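Welcome! Take a moment to look over the sequence and the 3D view, and then let's walk through a few spots together.

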Amino acid sequence: MSDTEKSLVSEETEEAVKSRNFIEMEIDKDLAEGVYDHVMTRFPPEPNGYLHIGHAKSILLNYGLAQEYNGKFNLRFDDTNPTKEKTEFVESIKADVQWLGADFEDRLYFASNYFDKMYEGAIKLIKKGKAYVSDLTAEEMREYRGTLTEPGKNDPSRDRSIEENLQLFQDMKDGKFADGEKTLRAKIDMASPNINMRDPIIYRVAHMTHHNTGDKWCIYPMYDFAHPIEDAEEGITHSICTLEFEDHRPLYDWVVRELEYPHPPRQIEFAKMYLTNVVTGKRYIKKLVEDGIVDGWDDPRLVSIAALRRRGFTPESIKLFVELCGVSKANSSAEYSMLEYCIREDLKMKKARMMAIIDPIKLVIDNYPEGQSEMLEADNNLENPELGTRQIPFERELYIERDDFMEEPPKKYFRLFPGNEVRLMHAYFVKCVSYEKDENGNVTVVHCTYDPATKAGSGFSERKVKGTIHWVPASCAVDAEVRLYENIIDEEKGVYNEDGSLNLNPNSLIVKKNCKLEPALATAKAYDSYQFVRQGFFCCDAKDSRPDALVFNRIVSLKSSFKLPTQNA
């Protein structure tokens, strides 16, 4: 190998190392040092609501790491809190994970699958002198806990005998105590500078029916105790979680160490992904749903994964967005415009460019023969010839956009006005000769004449026009409802009012009835998406659209305010 080739290889290697995120570098180190001989990751949602765009980052990161290292990826529901969990949320989360392409194969688990193991683990800790039953109330527990600057005080029950603790814990399990009357605490260090290590509660009494285990249990493990056990039982190697769990890591490590798992998992934290001016908090979304401001957790104005899917976003666009955001240790926010950029990038070469009239007025071509119709050929996507062509019927009466005609136009208005000539897209030149109004002064019909010699694709070049407008044939236009979405938050005012309520945008949804679409859109089905010429990208609504009453959601407009950051040369 020549020096030049060696230099190129070295540069490529250096670039590859540079492009690896800190989690990949930690995994590389663990594999190189023989800490693990494989990689296994998981996504562990609590089924107490719908997932949002931030969860998508965690799903794709965990699944991507498993793929990168030829490992396995599990989906596991952390269902340790029966008060908030619903089967509806379980099903929605499964659908979201599968839609994003994160294949957990047959590895679908629940924390509740391990309740017996967790109970055995608690018994083991008691027998080791590492856990005890406490009589303190929640208020007393807070008093004993201490503060960030002052150590906690030992629980009066801390030195109970192992035998007494075993009996009391059995009594807790047997339902002999009321909710909150007893807890099981880990015996660690009440003077620890990390408050999470000050004898945390690991089991509580809760007489509740569980969606998975019914009434088998009246004691339930706390998340910080349950989670490391779940990971260890499944053979997870790297427990990838968000930064708020960094202070909980010593407790995670303590649990797997004290329970003597031979190959304990390792927790690594990364920064959450925040989007500016969006609502992700379950409490706020729940209120929006209950108040009827949105029509469910999948309302297209939200950024739940179900809402993004319904609006017309694709898994590929979400993946691109997550990649552009990157993986880091520092919290930061991404602009919503970057998410819009990603969906435009994904759809622009994939989707047919169709003609749709959102606010129609009639256009009559006075010199086109009555009763005549002809088929005109149109490219589905000029930038992607592979999408082929389609035939559009052309006739004497058409629909055009209301704002494509003006009685008295300003300068540089190149669309229709009296005496002006434009091209009808894929069709002919037409010249405006007159117009009609209703009793309120609104224009209802525009009259034009056409020049038969100017048919698109005929090679005509005798004169030019500055404007091209789109249209649909009146006799076979498809009626539809079109929904135009903006951010549900008033971006000028920010997300929250002083009283903590949301600053809602009154124009977040504008519904346009009696829109006219070209005939080819009559067969649109749920989630089918298209570019409507000059209007944006639209998706057939999965909830409200019917074959006899189509509904389209605007995914995103065509114009973008987002610019990709330039790389330093």
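## A buried histidine

H227 is buried, with a relative accessible area of 5%; here, buried means under 20% relative accessible area, exposed over 50%, and partly exposed in between (1.4 Å probe, protein chains only). This residue sits in helix α8, which covers residues 223–234. Helices (H or I, at least four residues) and strands (E, at least two) are DSSP runs, numbered from the N terminus.

The side chain of H227 makes a polar contact of 3.2 Å with that of D78. A polar contact is a pair of N or O atoms within 3.5 Å; within protein, one must be able to donate a hydrogen and the other to accept it, and residues adjacent in sequence count only if both atoms are side-chain atoms. Leaving aside residues up to four places away in sequence, H227 touches R42, P44, R76, D78, S239 and Y252, where contact means heavy atoms within 4.5 Å.

## About the model

This is a predicted model, in which local features need pLDDT of at least 70 and side-chain atom pairs count only at pLDDT 80 or more, while totals for chains, interfaces and linings use all residues. Residues are numbered from 1 along each chain as its sequence is written, and side-chain values use heavy atoms, with hydrogens and water left out.

## Nonpolar cores

The largest nonpolar core has 42 residues, and I53, V97, L275, I318, F321 and L339 have the most contacts inside it. Such a core is a set of buried Ala, Val, Leu, Ile, Met, Phe, Trp, Tyr and Cys residues joined through side-chain atoms within 4.5 Å. Helix α13 (residues 336–347) supplies the largest share of this core, seven residues.

Not counting residues up to four places away in sequence, V97 touches F43, L51, I59, F73, L75, A102 and F104. A second, separate core has 35 residues, including Y114, F115, M172 and F177.

## Salt bridges

How many salt bridges are found in the whole structure? The search finds 57, each being a side-chain nitrogen of Lys or Arg within 4 Å of a carboxyl oxygen of Asp or Glu.

One of them joins D404 and R534 (2.6 Å, N to O). D404 lies in the loop between β17 (397–401) and β18 (421–424), and R534 in the loop between β25 (529–532) and β26, so the pair ties together parts 130 residues apart in sequence. D404 is buried at 0% relative accessibility, whereas R534 is partly exposed at 37%.
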